[in-house]
Amino acid sequence: MITKNLHPAARQPTWINYWGWGSGDMLGAGAQAVITGWLFYFFTTFCGLSAAEAGLVLGLPRLIEAITCPLIGYVSDNLRHTWVGRKIGRRKIFLLITIPLLPSFALIFRTGHTFYYYLLVFIFFELLYTMFLIPWETLAAEMTKDYKEKAKFAGARMIVAQSSAILASYLPTLLITQFGGKDSPDTFFWMAAIFGVIFSVVVTIVVLTSWERPYGTREQAVMSQTFGGVKFFILWGIPLKMFRDLFSTLKIRAFRQHLSIYLGGYLSQDIFNSAFAFFVATVLMGATLVISQLMTVMYVAQLVSVMVAIQIVIRTGPVLAYRLAASLFGAALLLYLVFYMVRPDGFDAGFKALGTSVFASLDPTRPEFSLSLVFWLFIPIVLAGLGRGTLNFVPWSVYNYLPDVDEAVTGQRREGIFAGVMTLVRKLAQSAAIMASGWIIDWGGYIKTKPGEVVVQSAEAVQTVTLLMVGGPLLMLVLGAIASWSFRLNAKTHAVLVHEVERLRNGATEAESDENRRIVEDLTGWPYDKLWGRGSGHVADSTLQPLQTRP
């Protein structure tokens, strides 16, 4: 007999919940937009660090998160068994801790300090960032099981994310315009200070507008078996079960495919971000204002792209959206390569005549107006933005469905550990990409500059920056597109999965139809008779053998 509390009634999210939770990506994506868009450039231009040193500052803290990411995810999954988790919330306790500390973001953008100062301050902020990001990412998956509602959560998140990226790219222009100080480090300090205050505000909004998924009687019993008491949990449970859960996620076929797609889209952008400011400075011959304005155009295009991608994902699934995005971003990269190789006639003179605003090139009444100038300034960056916006949206849209796939296998809800693994893999890969980019730029002979100093870079240095910015992202995009070929999670297959999970919860041992069995086995990678933790109660047990990959 099924108990009354076996499957608690779900609350219905409203637009307040979609946008309240989504506002959290003002920190999630806003901080990363500032860091990836400006920090590398800030360190090498204003702090006297070499490109390799800047890469180490940005990359080394991510290595530490090989422990902190899964740890926070695992602990937040299990805090429900403690007084703190029951009274405050297993996710929200982490969010509340970060609120008063987030304005420390501005400390990163202070000049005159040593390599070790920047490294330690960045490590501290990255820890705060992780303490927010992983618990926050789980909440959308907890607040609904409906495919379209999950897509709306992801869409609200990405619209906020792209809006924060626009702010991150445009603030330097606004601050320079209002307060002067072209190419001044103070521009970046005040930008970071403004963002630090915004971060605390949006985390407060998230706490007030979101909720955590209640567990039914059976789920509480399953989770209590993994706990074993507070003392055991603290001394032995964390290291043993955390790493078992960490590796068990990789036995879910859809999650493995998802990680490949995720890394392909995001690493292509990490490499592009690392090199783009140098490309503008050396190939387009633009300064901070030009970099800021072109990045603003790109992020506006990303915002438009997300709005379109939401509808594509809801109606057709994530694969088509991902492939279209990769094609657009790839086309932009090839155009930049053509620009470097051809160097169109009249571009240099027309570009210098624009003064402090690239948008002046759009005025047809100006004597230096040229369609060629407009094309090379805006078409590649707009195409890049249209591709990047969807590449950002698709993986985090898919993430909201992965705990449902995992539940079919384990009979458990492990949103935290999945968010932890995703963030861990992302940060380790990002660390490698950023450090490698720094070393490659240094190896190519790039000479670090000081504010106001004019340095003519060698042809080899410029070539290295260009090939890195174009070749690295293209390689990642190709790998991601290949991984997407066999990914079959969409609205139809997700509906079948959720239906079968309900049947498994109610004691079913066979699929409702052969088609349902095929779909569930394809997504999970496990035989139907081994789902719901049968035999051991945990997917990581050696008695469970995943299906062989089918052609």
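A residue is called buried under 20% relative accessible area, exposed over 50% and partly exposed in between, using a 1.4 Å probe and protein chains only. By that rule, buried residues make up 61% of the chain's 551 residues. This is a predicted model, in which local features need pLDDT of at least 70, side-chain atom pairs count only at pLDDT 80 or more, and totals for chains, interfaces and linings use all residues. Residues are numbered from 1 along each chain as its sequence is written, and side-chain values use heavy atoms, leaving out hydrogens and water.

Start with the whole chain in cartoon view. It has 20 helices and zero strands, taken as DSSP runs numbered from the N terminus (helices H or I, at least four residues; strands E, at least two).

Next, select Leu27, Phe43, Phe105 and Phe125. Within the largest nonpolar core, of 178 residues, these four touch the most other members. Such a core is a set of buried Ala, Val, Leu, Ile, Met, Phe, Trp, Tyr and Cys residues joined through side-chain atoms within 4.5 Å. Colour residues 253–284, helix H11, which gives the most to this core: 18 residues.

Aromatic rings of Phe, Tyr and Trp (its six-membered ring) pair if their centres lie within 6.5 Å; planes under 30 degrees apart are stacked, over 60 edge-to-face, the rest tilted. The structure holds 35 such pairs. The Phe105 and Phe109 ring centres are 5.8 Å apart with planes at 70°, so this pair is edge-to-face.

Finally, select Phe189 and Trp190, another edge-to-face pair, 5.2 Å centre to centre with 70° between the planes. Phe189 is buried, at 17% relative accessible area.
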